[in-house]
Amino acid sequence: MPQFIIIHQQVAPYVAHIQLNRPKELNALNLELMGELRDALKQLDADDQVRAIVLSGNEKAFAAGADIKQMAGKTAIDMYNIDQFSTWDTIKKIKKPIIAAVSGFALGGGCELTMLCDMIVASETARFGQPEIKLGVIPGAGGTQRLTRAVGKALAMEMVLTGRFITAREAHQAGLINRIVPTELFLAEAIKLASEVASMSPIAIKMAKEAVLKAFDSTLDEGLQFERKNFYLLFASEDQKEGMQAFMEKRAPEFKGH
Ligand code: CAA
């Protein structure tokens, strides 16, 4: 049984929800929590009854970053041997879409974890930040890279160099998040968005996610070739036949995931 996360199966049809659950420490991401999260995501990724995943904290904090107390006394060689970011590399490979439901603090590794997700639904009280600079370090789980790609150089540089937290409104204006909702609705709205995604063909969803993410580390031409191959490949699926047939018959499709 995981100690630091709670897994809720079928919070909506084909939607699972993982809740980070270290509330006293504002969901600080210790190694154990991250290991549990990785294992849960791998398990849900392999589960046919799951097509989209929601990841949340609680109203006060999504996560206030990597666990500073666990890291404080480490040497560079300890950090190298612990290799904490290999967990993040595994999470990056999850094929199903992950939607972050964020309220309160999403800081440091917490902000980086939201950016490792595919979409972000935030409450009005959400605060995003990369305050590592105030600890004498820099973001280590993708903050300098994913944040810059998401919000551009000016804001990313300011956040990384000053540690300033941005509001949900600023995050929305900058393109970091998908939508802002009233605080009491942040989880429900994320589940609603996940449900909408989960009603599509699960095989197309995975290939679509893969193709969009390809844009981050390929040239335009490589990305276009990759997209085209996935597009063609989907014509091998029954879901493509069903989706197009249903359109022509003016009815809702029934996707099966093969
Ligand atoms: N690691 C460990 N413990 C943390 C933590 C963290 N990142 N963030 C909060 N906590 C703990 C606090 O130590 C405190 O514990 P105690 O009650 O035992 O003292 C508890 O959570 C509640 O926190 P606060 O009392 O500080 O709550 P607050 O409302 O006054 O302040 C906050 C909230 C502004 C988020 C503040 O807690 C804070 O600044 N946290 C640290 C944020 C941070 O620097 N994150 C980056 C971490 S480094 C990183 O993430 C590296 C990377 O790239 C992977």
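**Sheets, ligand shell and local backbone features**

Within strand E8, Phe 128 is the bridge partner of Ala 106, strands being DSSP runs of type E with at least two residues and helices runs of type H or I with at least four residues, both numbered from the N terminus. The structure is a predicted model, in which local features need pLDDT of at least 70 and side-chain atom pairs count only at pLDDT 80 or more, while totals for chains, interfaces and linings use all residues. Residues are numbered from 1 along each chain as its sequence is written, and side-chain values use heavy atoms, with hydrogens and water left out.

Strand E5 (residues 98–102) and strand E7 (residues 119–123) run parallel and are joined by four bridges, and Ala 100 has Ile 120 in E7 as its bridge partner. E1 and E2, by contrast, run antiparallel and are joined by five bridges, with Ala 12 standing opposite Val 15 in E2. The two strands form a hairpin with two residues between them, and Tyr 14 in the turn has a positive phi of about 65 degrees.

Positive phi values also occur at two further residues. Gln 10, although not a glycine, has a positive phi of about 45 degrees and is placed in strand E1 (residues 5–12). Because its relative accessibility is 38%, Gln 10 counts as partly exposed, a class that lies between buried, under 20% relative accessible area, and exposed, over 50% (1.4 Å probe, protein chains only). Leu 26, likewise a residue other than glycine, has a positive phi near 55 degrees and is found in the loop between strand E2 (15–20) and helix H1 (31–45). With a relative accessibility of 25%, Leu 26 also counts as partly exposed.

Gly 35 lies in helix H1 and counts as buried because its relative accessibility is 11%. The C-alpha atoms of Gly 35 and Gln 84 are separated by 9.1 Å, the two residues being 49 residues apart along the chain. Asp 67, found in the loop between strand E4 (61–63) and H2, is buried, with a relative accessible area of 8%. A polar atom of the Asp 67 side chain lies 2.9 Å from the backbone nitrogen of Lys 69, and the side chain of Asp 67 also reaches the backbone nitrogen of Gln 70, at 3.1 Å. A polar contact is here a pair of N or O atoms within 3.5 Å; within protein, one must be able to donate a hydrogen and the other to accept it, and residues adjacent in sequence count only if both atoms are side-chain atoms.

The ligand is surrounded by 23 residues, of which Ile 68, Gly 109, Glu 112, Glu 132 and Gly 140 are the closest; a residue is near a molecule or strand if one of its heavy atoms lies within 4 Å of it. The shell around the ligand divides into 12 nonpolar, four polar and seven charged residues, with Ala, Val, Leu, Ile, Met, Phe, Trp, Tyr, Cys and Pro counted as nonpolar, Asp, Glu, Lys and Arg as charged, and the others, Gly among them, as polar. A polar backbone atom of Ile 68 is 2.9 Å from a nitrogen atom of the ligand. An oxygen atom of the ligand lies 2.8 Å from a polar side-chain atom of Glu 132, and a polar backbone atom of Gly 140 is 2.9 Å from an oxygen atom of the ligand. Taken alone, the ligand exposes 980 Å², of which the protein buries 65%; accessible areas come from the Shrake-Rupley method with a 1.4 Å probe, and for residues only the protein chains shown count as cover. Two or more residues of the shell around the ligand come from each of helix H2 (68–71), strand E6 (105–107) and helix H5 (109–116), and H2 gives the most, with three residues.

Terms used:
Pairing = 2+ DSSP bridges.
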